[in-house]
Amino acid sequence: MLDSQVTKAPPSLLYMVKQVELVVRSHLDELVRPSGITALQYTALTVLERHDGLSAAQLARDSFVTAQSIADLVRSLEGRGLVRRERNPRNRRELLILLTDDGRELLARHAGPVRELEERMVRDLTAHQTEQFREALARTWHALS
């Protein structure tokens with residue numbers, strides 16, 4: 001049988017999701033590098049933009065990093081003046097992480113280019129397909145969470 005006649009199985013969905021994740025992260029790293037941050041740090045800042053005042057454990061979960069690595073990430077962002085920590089008034093032992101004005105300004109500066117990256121990612125999809133894609137991603141995430 002000739003190779004051209006052999007039907008190859010399509011790549012697994014897990015493989016394809018990882019491909020998308022890696023290419024998005026690569027592009028995001030390029031976009032935010034001029035500001036001196038990484039894609040992971042940018043992600044943490046966007047999490048705080050949506051839910052300011054999180055504990056380190058909550059921020060780690062929502063930013064897709066380990067509890068161990070969030071400490072270094074927060075320390076770096078705090079050193080740059082992009083986040084600050086303060087005591088939780090309801091639990092004085094817990095520190096909450098908050099976005100600073102400089103952090104908000106950095107996010108605003110990158111909002112357009114990041115939106116363009118997302119638009120580029122789905123440019124070959126219709127608006128309906130994009131919404132279906134968003135819903136499918138949400139459902140698959142919930143299935144594994």
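This is a predicted model: local features need pLDDT of at least 70, side-chain atom pairs count only at pLDDT 80 or more; totals for chains, interfaces and linings use all residues.
## Basis of the values

Local features require pLDDT of at least 70 and side-chain atom pairs count only at pLDDT 80 or more, whereas totals for chains, interfaces and linings use all residues. Residues are numbered from 1 along each chain as its sequence is written, and side-chain values use heavy atoms, with hydrogens and water left out.

## Packing of α2 and α3

Helix α2 (residues 39–50) packs with helix α3 (residues 56–63) at an angle of about 115°, their axes being 9 Å apart; helices are DSSP runs of H or I with at least four residues, numbered from the N terminus, and axes are lines fitted to C-alpha atoms over the stretch in contact, with angles from 0 to 180 degrees between N-to-C directions. The two helices are therefore roughly perpendicular, a class that covers 65 to 115 degrees.

In the contact (heavy atoms within 4.5 Å), Thr-43, Ala-44, Val-47 and Leu-48 of α2 meet Leu-59, Asp-62 and Ser-63 of α3.

## Salt bridges

The model holds eight salt bridges, each defined by a side-chain nitrogen of Lys or Arg within 4 Å of a carboxyl oxygen of Asp or Glu. One of them joins Asp-52 and Arg-104, with the closest N and O atoms 2.9 Å apart; because Asp-52 lies in the loop between α2 and α3 and Arg-104 in helix α5 (residues 101–121), the pair ties together parts that are 52 residues apart in sequence.

Glu-118, Glu-131 and Arg-134 are linked in a salt-bridge network, in which the N to O distance is 3.7 Å for Arg-134 with Glu-118 and 3.8 Å for Glu-131 with Arg-134.

Technical notes
Angles under 35 degrees count as roughly parallel, over 145 as roughly antiparallel, 65 to 115 as roughly perpendicular and the rest as oblique.
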